Amino acid sequence: MKIFGLSFKVIKTLLTTQYAYMLEYRIEIALWALSGVLPFIMFSLWSENDVGNTFGLNDIGLARYFLSAFLVRQFSVVWVVFSFEEDSLSGRLSPYLLQPLHPLLRYVAAHLAEQATRLPFALAIAITFFFLNPSSFWLPSLPQLFLAYLSTHLAFSIAFLLQSLVAALCFWTEKSSALERLIFVPYLFLSGLLVPLSAFPSNVLKIAMLTPFPYLINFPAKILSGMPVDIFNGFLAQVLWILILGPSVNILWKLGVKRYTAMGA
Amino acid sequence: MNRYFKTIRLFWSTAFASQLEYQLNFLIELLAMLGTLLGSVFILSLFFTGGRQLGDWTWESALVIQGVYTFLDGLTNALLRPNLTEIVNYVREGTLDYVLLKPIDSQFWLSVKKFSFAGLPEIILGLYIVFWAAIKSGTSFSFYSLSVFIISLSIGFVILYSVWFLIAASSIWFVKTWNATEVLRALLAAGRYPISAYPVILRFIFTLVLPVAFLTTFPAEAILGELKFNILFFGIILSSLFFIFSRFFWKFALKHYTSASS
């Protein structure tokens, strides 16, 4: 059996080498995990000012939502455009392109390995959160956990494809990481990282739901925290976005490689 | 002193010339800034739905805080980030040696070498929002309130600079501090909202440990004419301490600097 044309042996080697590599950067990854505190800052504002009531959300539900948003973000963070830009500008991409392995798959392995390294730090932060807010403690049921796990992975896939699309623009322009900022801004406000989307006015919500962003945080976080959510349509939308973005990345990549001039080589 | 002004002028005119090459970047930054501002104001508005207030702040006065935040964010993007994130590269490549050999203060050189003009619209827009929202909330400006505003804004900037510089200077020991600045950015984002809207523990932390309150809330209170004099006085002392500590820390760090390439 092969996944993306790779045998299990290749996948295992890729993941273990990347994991060993990531373990070297434990402190950086711990700091990075810590830099995701924004949902907690927002939670403190929501609960202190009793804003939840206006939107029919109680404090415990909010605490769970924001913790879930934090966790989903931890395991769907994508930085492929930055790695790719660096490799492209320094000429490291050339040997990668010669290997019988799609360079993007190498980055996928790096991301998955980084997530594994991040897991203990994310859990430590979650436990600290429960110590500070003991009333919000909950253990999601197994099916809930499974669905949340699945949707977080799909969220990661969407985010990865979205950023790969920008990364592929590296073949045309030197500074495509600047373009990433233009994706990050709507991501920040429409993904549900700062507020659960149910608090949005209905017309803004309608527009937001047409973008991939709510499926990156809001949807998985709602499953994990046990808020009411349309599971079927959510997964459908996630798969749909992957089906739209996947081939687009593929086409753009193929066009880009033809233009590749091997900078620095 | 004159020499320092002359150096800044030379640095920034070269920076301007070299950035003219990347006009697209300027446009992208502008779009990203407008998007961020729009999003932040929208999120802020959610706190005010149903006619409620945010920690005793009205909608207009909370917008003043957003303005101050935007202004400081612009200064960060224009001055702090381009310069202070470079320090780690000087350390890694050993080029810090050349900086140290120059007949000018090394902290000064490292802090003002670059200026990213893409941050300029954000600085201007931030100030515009401050004054627009202050007028909307029915404030009349006086010479006194404007001076207090300028002083408290300077206090905020000095603290912001010192914290950034402390993290950047620690790259003498730890080469990868990029992630530490990300943590800082995430925590500073708390400054988008009035300090009184936070729970007591966070209020304490954001006033004394990581003085976010001095960055945005107090300058906003100053322009609204509500800042207490003793807070201003305390701010002057606190920002001086932060600045002195950053200098002391830099001197201390340099003692541990063992050049990389030579």
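**Close-up 1. The crossing of α5(A) and α8(A) is right-handed.** This is a predicted model, and here we zoom in on a helix pair in chain A. Helix α5 of chain A covers residues 80-90 and helix α8 of chain A covers residues 142-168; their axes come within 8 Å and cross at roughly 30°. Angles under 35 degrees count as roughly parallel, so α5(A) and α8(A) are roughly parallel to each other.

**Close-up 2. Here is where α5(A) meets α8(A), side by side with the residues involved.** From α5(A) come A:Val80, A:Val81 and A:Phe84, and they meet A:Phe160, A:Gln163, A:Ser164, A:Val166 and A:Ala167 of α8(A). Sorted by type, the contact has 6 nonpolar residues, 2 polar ones and no charged ones.

**Close-up 3. B:Gly119 sits in the loop between α6 and α7 of chain B.** B:Gly119 counts as buried because it has 21 C-beta neighbours inside 10 Å. Leaving aside residues up to four places away in sequence, B:Gly119 touches B:Gly74, B:Leu75, B:Asn77 and B:Ala78. B:Leu79 is 40 residues from B:Gly119 in sequence, yet their C-alpha atoms are 8.2 Å apart in space.

**Close-up 4. Chain B and chain A make contact through 30 residues from chain B and 26 residues from chain A.** On the chain B side, the elements giving two or more residues are α2 (23-47) and α9 (178-188). The largest share of that side comes from α2(B), with 11 residues. By type, the chain B side that touches chain A splits into 19 nonpolar, 8 polar and 3 charged residues.

Technical notes
Residues numbered from 1 in each chain as written. Chains lettered and ligands numbered in written order. Predicted model: local features only at pLDDT ≥ 70, side-chain atom pairs only at ≥ 80, totals over all residues. Contact = placed C-beta atoms within 7 Å. Helix = DSSP H or I, 4+ residues; strand = E, 2+ residues; numbered from the N terminus. Nonpolar A, V, L, I, M, F, W, Y, C, P; charged D, E, K, R; others polar. Axes fitted to C-alpha atoms, helices over the stretch in contact; angles between N-to-C directions. Parallel < 35°, antiparallel > 145°, perpendicular 65-115°, else oblique. Left-handed = near helix turned anticlockwise from the far one by under 90°. Buried ≥ 20, exposed ≤ 12 C-beta atoms within 10 Å, placed from the backbone.
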